[in-house]
Amino acid sequence: MSRTLIVAAAQLGPVPRSQSRTDVVARMIALMADAKEMGADLVVYPEAALTAFFPHWWSDDEEEIDSFFESELPNAATQPLFDAARKMGVGFKLGYFELDFSTGKKRRFNSAILVDKSGCIVGKYRKIHLPGGHEFKLGHPFQNLEKRYFEVGDLGFPVWETMGGRLGLAICNDRRWPECYRVMGLQGVEMILLGYNTPVHNPAAPETDDLANFHSHLSMQSGAYQNATWVVGVAKAGVEEGVDMIGQSCIIAPSGEIVAQCSTLGDEIAVARCDLDRCNIYKEAVFNFALHRRTEHYGLIVGRTGVGVPMSAGVF
Ligand code: CDT
């Protein structure tokens, strides 16, 4: 099988609350068709692609909250996307809000699935790094309530052998945490697909607003280089329900270089031919973990709290 994947970062402009899933799916299929014309094997959509990003506002109306979630995929509204993928022979990654009843109680996650060229779901990831808080923040122009609405993902950071490569998933805030890339890097990941809804303004740290795009790229480019993997980062961009969100969706090579990037804040694709074997030079040389990584000498043991303690404390 070819080790080259032609990948499309399928950025979406804002999804207003009033827009139906059926209409959003039609926008997504149009992007998929453009990508197919450019030879794409794989299309990567943003985090929470099907709806507005509702954690930006407060609600305690269970029914209203649930209306942003999918309890199964494919469902009636998304079936056309799966059908289009199968017909075009294109795989895709979809970010969505997941309602899960598999444990007998209702659980909500911020999730993503990976679908192969035959329209079959290969894997699922549930977001682990949930930003923001549980409480309403008075005086903030919008909220960031992911901790209130979602449970922390319970599926780890797995990788899947599919479409000729070893692929992994991450979601938005995960991209700022090196652990996310390293856990997949240690499993030999060759391409990480992730989506984001990132406001330009961070009410908790407004002095960083000018750097929103820089920090997004910095995180993904360093994650790619330090783990010898392709990274595809895809925005839901533009002004959605009054919240201004960054774009600059991009495809990053294992060298850390951006090889394709969107230039608008609307529906747009950026396409790149990704040779998965380009990972090897970095996996075998600079970041040969088995040969050069020296965890036993780092002087810290990470406890269950996630906080490092000195090795001399004897805690394992
Ligand atoms: N959706 C999401 O995870 N958004 C967060 C906002 C945090 S502001 C620094 C993100 O990391 O982009």
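Helices (H or I, at least four residues) and strands (E, at least two) are DSSP runs, numbered from the N terminus, and S255 is found in the loop between two of these strands, β12 (250-252) and β13 (258-261). The structure is a predicted model, in which local features need pLDDT of at least 70 and side-chain atom pairs count only at pLDDT 80 or more, while totals for chains, interfaces and linings use all residues. Residues are numbered from 1 along each chain as its sequence is written, and side-chain values use heavy atoms, with hydrogens and water left out.

- With a relative accessible area of 17%, S255 is buried, where buried means under 20% relative accessible area, exposed means over 50%, and partly exposed lies in between (1.4 Å probe, protein chains only).
- The side chain of S255 makes a polar contact with the side chain of E257 at 2.6 Å; a polar contact is a pair of N or O atoms within 3.5 Å, and within protein one must be able to donate a hydrogen and the other to accept it, while residues adjacent in sequence count only if both atoms are side-chain atoms.
- Once neighbours within four places in sequence are left aside, S255 is in contact with Y225, R278 and Y282, contact being defined as heavy atoms within 4.5 Å.

**The ligand and its surroundings**

- The ligand is surrounded by 13 residues, of which the closest are K127, C172, N173, R176 and T198; a residue counts as near a molecule if one of its heavy atoms lies within 4 Å of it.
- This shell divides into three nonpolar, five polar and five charged residues, where Ala, Val, Leu, Ile, Met, Phe, Trp, Tyr, Cys and Pro count as nonpolar, Asp, Glu, Lys and Arg as charged, and the others, Gly among them, as polar.
- An oxygen atom of the ligand lies 2.7 Å from a polar side-chain atom of K127, and an oxygen atom of the ligand is also 2.7 Å from an N or O atom in the side chain of N173.
- Taken alone the ligand exposes 350 Å², and the protein buries 88% of that, with areas computed by the Shrake-Rupley method and a 1.4 Å probe.

- E146, found in helix α4 (residues 146-149), has an N or O atom in its side chain 3.2 Å from a nitrogen atom of the ligand.
- E146 is buried, with a relative accessible area of 2%, and its side chain makes a polar contact with the side chain of N110 (3.2 Å).

**Nonpolar cores**

- The largest nonpolar core has 47 residues, and L42, M191, L193 and V232 touch the most other members; such a core is a set of buried Ala, Val, Leu, Ile, Met, Phe, Trp, Tyr and Cys residues joined through side-chain atoms within 4.5 Å.
- A second, separate core of 29 residues includes V25, M32, A40 and V43.

**Backbone features**

- Most residues other than glycine have a negative phi, and most peptide bonds are trans.
- M163, in the loop between β6 (159-162) and β7 (165-171), has a positive phi near 50 degrees, and M163 is buried at 13% relative accessible area.
- A228, in the loop between α6 (212-226) and β9 (230-235), has a positive phi near 55 degrees, and A228 counts as buried at 1% relative accessibility.
- A cis peptide bond joins L73 and P74, with omega about -10 degrees, and P74 lies in the loop between α2 (62-66) and α3 (79-88).
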